[in-house]
Amino acid sequence: MAKCSVIQGEAQRQQADKRLEYAKFRRAMTLVVTAVSMTPLLLLSAVLYFSYHAVYEGKVFDHLEAVVERHALAIDEFLFERRQNVRMQVDSYTYEQLRDESLLNDRLRKMQSNYSNDYVDLGLVDEKGLQPAYAGPFRLLQADYGAAPWFRQAIAEDRFISDVFSGIRGTPHFIVTARGRKTGGEAFILRATIDFAHFNERVRQIRMGTTGLAFLVNRQGEFQTNLRPDETVDHAALAELAARDFSKSLPAHLEKANPQNQTMIYVAYPLKMKDWILVFQQEKHEAFSHLYNAQLISVSVLLLGGLAIVGTALALIRRMVQRISAAEQDQEVLQKQVVETGKLAAIGELAAGIAHEINNPLAIMVEHAGWIDDLMKGENTSGMKNFQEMQNSLKEIEIQGRRCKEITHKLLSFARRTDSRVQETQLNDLMQEVAGVSAQKARYGNTIIRLDLDPDLPTVHISPTEMQQVLLNLVNNAIDAMNKPEGVIVMRSHRDGPWVVLEVEDNGQGIPQANMPRIFEPFFTTKPVGKGTGLGLSICYGIIDKSGGTISVDSTPGQGTAFTVRLPATLPGSTAETQQPESIPNKGDDI
Amino acid sequence: MTMAKVLLIDDESGFLEVLSKRLETRNLSIVTALSGEAGLKALGKDHALDVVILDVKMPGLDGIQTLQMIKKDFPLVEVIMLTGHATVETAIEGMKLGAFDYLMKPCDIDLLVQKVQEAKEKKAKHEEKIVQAQLKEITSRMA
């Protein structure tokens, strides 16, 4: 019993090992399959992603640059026109003429009506910075611009456009000037103020999406147009752009995270002789929203596809491993059967050898006992006081000798069968014969034998004598197993594909589970000593196995036992050698 | 007067000895031989032998071979095969080759004696037929 549990433990350990091995195998397979299928997919995706990204980004910037350039050129054009307008006034009139405020007013009106109402006012400023004549809505006559920074630049240059500033009037504006000469040779300038709001609006019109906006800054990073209160600009980025030298590539772009941690893109274009820079800014997220959408879709597809691949790989591998494991189990069962058969054959041979060696001395012993018996008959035994005892002993020797003979004969037939010539045999006939022979014995045990035979049963290539022995054994066992008055033994035959199936079923006491693995072993018996040799079923097993069939048992203790014999049927027009089914079907209860 | 003259061939001397004693007490005259060769010699020497009880398994000439030679050289002698194996095949083969019957060792002595008697009777009848035939021939020649 202890040994048994050790063996069981060993088997469990082996099973666990095998499971572990399968798990390892499955993991390795999954890894390989996933890697092989996912790697090209990921590589391809990465390549596509980066090249598409680069191309798309380039396109977006190109587009933005084109837009910004167009607007910058338009603004430049606008400034140039304004400058030309003022220039023309200086070229057309002398200082003295311009000092006449009515002319100046007239000119302002003309400019406003001819060009645009951008012009706010006109002023004549002499070389000292005093404004001797002024036309416009503000009271700026005799204003002194001598200290204004723009004046020093304007007086030094032929024409000039200032940055936006608030100046004396206190509202943001910028001025356009042209320099002329008095008759005395002193310089003077005519300045025109450009309506800031109007100009501002021009730049503000450049909008894209919800976050794309444009503004003008000078090289010091000071705004030349204003922003709405909800619009913010990152001054660090602005400073970086303002510091750019635009001589190499005209439009410049920049990508920078603002303090709110949003990545912004900036496109800048210089204008007004590179004094000013038109800057367009937009949240990168919005500018590339199409790209990001495409990316989102691609990544989703990639993820889903990857999941599908991994899932399929897992499922397939699981199935494969299951198949392999099932095949291995089948093989193990088969191997067990082969080993079992070999074991039985070896035991059979051994038994036969022993039986043969014992048989001769046994014969001599029995003969000697007989001889003593003979001699005693010749003696005058009336005087012998133990004569009867001796007689009994001799009788017993003879009886036991006969028992031994029976055993040895059965053992011998287990190894070397009686009439083992095979021929086409109709098993139904054999079943009927055996049922007839056993009926008498069965009746003593209050048992009836019922036949349930398939009339279209094919023949089987087998030795009828041996088959008869098998059936007799099974029926005898069934009768012996009866422990109740209404014993019923059913002998059935039917066809199952290439097999002829015979069943001997009883409703007797059944076989205890513990005995099941051993019932086909030689010398295993549960019958009382002297009643059974324990060879019947092992002989049956040997015969059926040799004939290419299987014998199996199904038993429920207390309810009965069914032995099932499957033999290869002879197909019409074929010989036994060619029609044997290729594999023996495994039944769970096969021993 | 013995019932029959029997030649017992077996390689086991112990068996031979006790069986011959038992058969002798049953009114049979026994000659023994420990091998097939010795048996054939004995048959050659003693033409009065009626029945041979022959063990199937022996070293040297085995039962079947000995049987064949007996049937060849002494066709009138009846042979009863005694087999240690439950090999009915050998017995059947022996019967086909002309053996009278077979018994399995260890055998019932009375059954054996009965078989010997039957064999002897068969032989006697056979011999009688031969004698009759010879007589017929002689008488027909005389006539």
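Modeller: Exposed residues A:Ser102, A:Ser113 and A:Asn114 sit on the face of α3(A) that is turned away from its buried side. The model is a predicted one. Helix α3 of chain A covers residues 101-114, 14 residues in total. From its first C-alpha to its last it reaches 19 Å, close to the 20 Å expected at 1.5 Å a residue. The buried residues of α3(A) are A:Leu104, A:Arg107, A:Leu108 and A:Met111. Viewed down the axis of α3(A), these buried residues fall within an arc of 100°, so they line one face of the helix. In general, an α-helix has 3.6 residues a turn, so residues three or four places apart point the same way.

The axes of α11(A) (residues 464-480) and α12(A) (residues 536-546) come within 9 Å and cross at roughly 145°. This crossing of α11(A) and α12(A) is left-handed. On the α11(A) side, the contact includes A:Val470 and A:Leu474, while α12(A) contributes residues including A:Ile539 and A:Ile543. By class, the contact has 7 nonpolar, 4 polar and 1 charged residues.

Loops also deserve a remark. A:Asn261 lies between β8 (252-257) and β9 (263-271) of chain A, and its phi is near 70°, a positive value in a residue other than glycine. A:Asn261 is exposed, with 6 other C-beta atoms within 10 Å.

Note on methods. Residues numbered from 1 in each chain as written. Chains lettered and ligands numbered in written order. Predicted model: local features only at pLDDT ≥ 70, side-chain atom pairs only at ≥ 80, totals over all residues. Axes fitted to C-alpha atoms, helices over the stretch in contact; angles between N-to-C directions. Helix = DSSP H or I, 4+ residues; strand = E, 2+ residues; numbered from the N terminus. Left-handed = near helix turned anticlockwise from the far one by under 90°. Contact = placed C-beta atoms within 7 Å. Nonpolar A, V, L, I, M, F, W, Y, C, P; charged D, E, K, R; others polar. Expected span 1.5 Å × (residues − 1). Buried ≥ 20, exposed ≤ 12 C-beta atoms within 10 Å, placed from the backbone. Arc of directions from axis to C-beta.
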